[in-house]
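Subject: Structure handover

Hi,

Here is the structure you asked for. My notes follow below it.

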Amino acid sequence: MADFFWNQLVAGAAAYSDSKFTTFCCVINIASKLDWRKGKVTPFVSSIRAKLRPSPMPLNIFQDIDGLPRVILTEPNGSSAQVLLYGGQVISWKNERKEEQLFMSSKANWKQPQAIKGGISVCFPQFGNVGSLGPHGFAKNRFWSLDRDPSPLPPSENQSSVDLILKSKEEDLKIWPHSFELRLRIILSAGKLILIPRIRNTDSKAFSFTFALCNYLSVSDISEVRVEGLETLDYFDNLMKRARFTEQADAITFDGEMNRVYVHTPTKIAIIDHEKKRTFVLRKSGMPDAVVWNPWDKKAKALPDLGDEDYKTMICLNSAAIETPIILKPSEEWKGYQELSTVLSSYCSGQLDPGKVLCGFHYPS
């Protein structure tokens with residue numbers, strides 16, 4: 001019965017609503033029982049891990065008018081995040097003042113099996129068109145499940161998290177013949193949003209893949225934005241048939257379309273938004289590359305799921321492993337890490353040095 005409940009919740013919740021105005025809500029606390037319509041279900045949780053795990057904050061799951069089950073994360077300071085089970089995609093991240101930090105296209109397609117342009121999406125097992133699969137792979141077009149037996153979290157009463165899992169299905173094996181488990185932990189705390197992806201090879205033979213977390217960030221005006229931390233690095237320019245160049249500018253600024261893959265990037269990159277006096281700080285590990293993308297006006301008008309003027313208030317800065325595909329032998333696991341945070345001040349001056357500080361913010365060691 002428990003398995004039936006979870007499978008229906010995460011993969012078939014849309015079928016529950018015959019009308020787009022029908023909404024159901026349920027609040028899940030891992031440590032307690034669940035009310036499922038008229039019956040009660042107690043999901044299985046390992047007793048050992050339950051003892052190691054702190055009492056979690058309530059996990060809210062509901063189905064909106066688009067028919068997509070989503071998870072709502074909140075934390076005591078007032079920030080929040082929304083995560084779709086479709087694609088394992090973060091579609092909202094608001095700070096304690098309820099200001100949206102992520103960009104969402106005004107023409108985003110919310111109908112399956114289309115991808116949703118905006119938020120933070122998972123690109124696996126392929127990024128871009130480099131490979132035999134469709135653009136950015138298939139993970140973003142699949143319904144994920146709640147991971148019922150995740151690794152324990154360090155004790156904390158001031159964060160909220162959800163663990164998702166995507167396992168290879170028959171439809172996936174037809175286009176990419178490798179068995180895998182893709183797990184994603186999403187952690188919300190004051191001023192931070194953390195994503196930890198893990199990929200395990202459950203096949204009998206090795207496979208390779210490329211991977212990215214596509215971060216659509218909200219900015220005031222793309223022409224007033226600077227990206228610091230990528231200067232002097234080599235990059236592949238996707239607008240010039242992946243020709244390789246070396247960055248010559250002190251910081252990346254925007255006055256036209258940009259689509260670049262920077263390689264061997266530092267663990268910290270900053271996006272300075274002068275008008276909002278806000279800096280996004282991206283910390284990452286396990287993903288050595290970074291993608292910088294903005295479509296500008298002509299490409300924005302050509303994209304059916306992007307508004308004509310949307311390019312002005314967005315920037316994509318992606319954590320990625322692209323240049324050198326990741327190879328996993330049977331039973332091996334790869335793990336990545338990404339942390340997004342914001343600094344409510346302008347950048348002091350000079351180039352970004354991971355060993356130095358942003359105004360009012362010291363990098364954690």
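A polar contact is a pair of N or O atoms within 3.5 Å; within protein, one must be able to donate a hydrogen and the other to accept it, and residues adjacent in sequence count only if both atoms are side-chain atoms. The side chains of Arg200 and Glu333 make such a contact, at 3.4 Å.

This is a predicted model: local features need pLDDT of at least 70, side-chain atom pairs count only at pLDDT 80 or more, and totals for chains, interfaces and linings use all residues. Residues are numbered from 1 along each chain as its sequence is written, and side-chain values use heavy atoms, with hydrogens and water left out.

More on Arg200. It sits in strand E12, residues 192-201 (strands, E, are DSSP runs of at least two residues, numbered from the N terminus). Arg200 is partly exposed, at 30% relative accessible area (buried is under 20%, exposed over 50%, partly exposed in between; 1.4 Å probe, protein chains only). Beyond four places in sequence, its contacts (heavy atoms within 4.5 Å) include Phe180, Phe207, Leu328 and Glu332. Leu182 is 18 residues from Arg200 in sequence, and their C-alpha atoms are 6.6 Å apart.

Now the cysteines. How many disulfides does the structure hold? It holds 0. A disulfide here is a pair of cysteine sulfur atoms within 2.5 Å. For Cys214, the closest cysteine sulfur is in Cys123, 3.3 Å away, so too far for a bond. For Cys316, it is in Cys214, at 6.1 Å, also too far for a bond. Cys214 is buried at 6% relative accessibility. Cys316 is buried too, at 2%.

Best wishes

Technical notes. Helix = DSSP H or I, 4+ residues; strand = E, 2+ residues; numbered from the N terminus.
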